[in-house]
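Me: Please show me the sequence and the model, and then take my questions one at a time.

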Amino acid sequence: MTGPPALLVERLAYAYPDGHQALYGVDLRVEPGERVAVLGPNGAGKTTLVLHLNGVLSGGSGRIEVAGLPVSRSTLREIRRRVGIVFQDPDDQLFMPTVGEDVAFGPANFGLTGEALRVRVRQALDAVGMTEHVDRSPLHLSGGQRRRVALATVLACDPEILVLDEPSSNLEPVARRELAEVLLSLGRTTLMVTHDLPYALQLCPRSVLIDGGVVVADGPTRDLLADTDLLAAHRLELPYGFSLD
Ligand SMILES: Nc1ncnc2c1ncn2[C@@H]1O[C@H](COP(=O)(O)OP(=O)(O)OP(=O)(O)O)[C@@H](O)[C@H]1O
């Protein structure tokens, strides 16, 4: 018997309080262990979709399930444990005096204490290669290091689904590659919102393309990126000189 999908989104539609309709009926099914890139031009609805996955946004129509559990007001605490979002700006999730305290904050909030908490913090920092910085202030880290710590704060909660918003933005090539290595090594169900098409190709076997609040394409990343008409129709473009071969 097969289990439920890691993520199921059915006919998700949402208008912001000012009346702006951002999503018109998004369908998406992600199986456990898949890494899926969410592509689309500015204003397509990518962030709006992602913010629904752990209930930051709600009140639209449609249905979302995380590993079989519907996202609703009554399941919010468990949903937030299952879905970890790493925001584009690490400063949105780092606010404690030290790296270690930042990484401990989430799991402590979910009830972990003592040695179990210390082990969890160490594992999360190990996974992103930041163990030696545990006692430093996040304020004194480089942008790339802060990005890694932000990822560690989410990993420490042991989410079933990792959601990353523009993980490669503002990263130097080495930090970009190192982050890719970390993400590949995690082997976790991952949704990655990105404008960085080569990064999507490197990390995500599958991509969904969103535009105008609907999914306009869903398939192997290589196939989507090879479709120059599709890319042009949705204001996407591979970097000059980039080859899929
Ligand atoms: N708080 C808000 N109130 C009203 N409209 C909003 C709000 N936030 C976003 N929108 C609108 O919803 C639509 C989808 O925005 P969203 O941020 O989801 O796009 P996106 O695909 O993430 O874009 P980008 O690539 O630029 O980050 C846009 O038309 C945007 O103007």
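The questions and answers below go through the model by topic.

Reply: This is a predicted model, in which local features need pLDDT of at least 70, side-chain atom pairs count only at pLDDT 80 or more, and totals for chains, interfaces and linings use all residues. Residues are numbered from 1 along each chain as its sequence is written.

Me: Which helix gives the largest share of the shell around the ligand?

Reply: The residues around the ligand include Y16, G45, K46, T47 and T48. Helices are DSSP runs (H or I, at least four residues) and strands are E runs of at least two, numbered from the N terminus. Three residues of the shell, the largest share, come from residues 46-53, helix α1.

Me: What is the strand order in the open sheet of four strands?

Reply: Two strands pair if DSSP finds at least two bridges between them. Five bridges join β1 (residues 7-15) to β4 (residues 61-66), and these two run antiparallel. L7 stands opposite V66 in β4. With antiparallel pairing, the order is β2-β1-β4-β5.

Me: Which strands are the edge strands?

Reply: An edge strand here pairs on one side only. That applies to β2 (21-30) and β5 (69-70).

Note on methods:
Near = placed C-beta within 6 Å.
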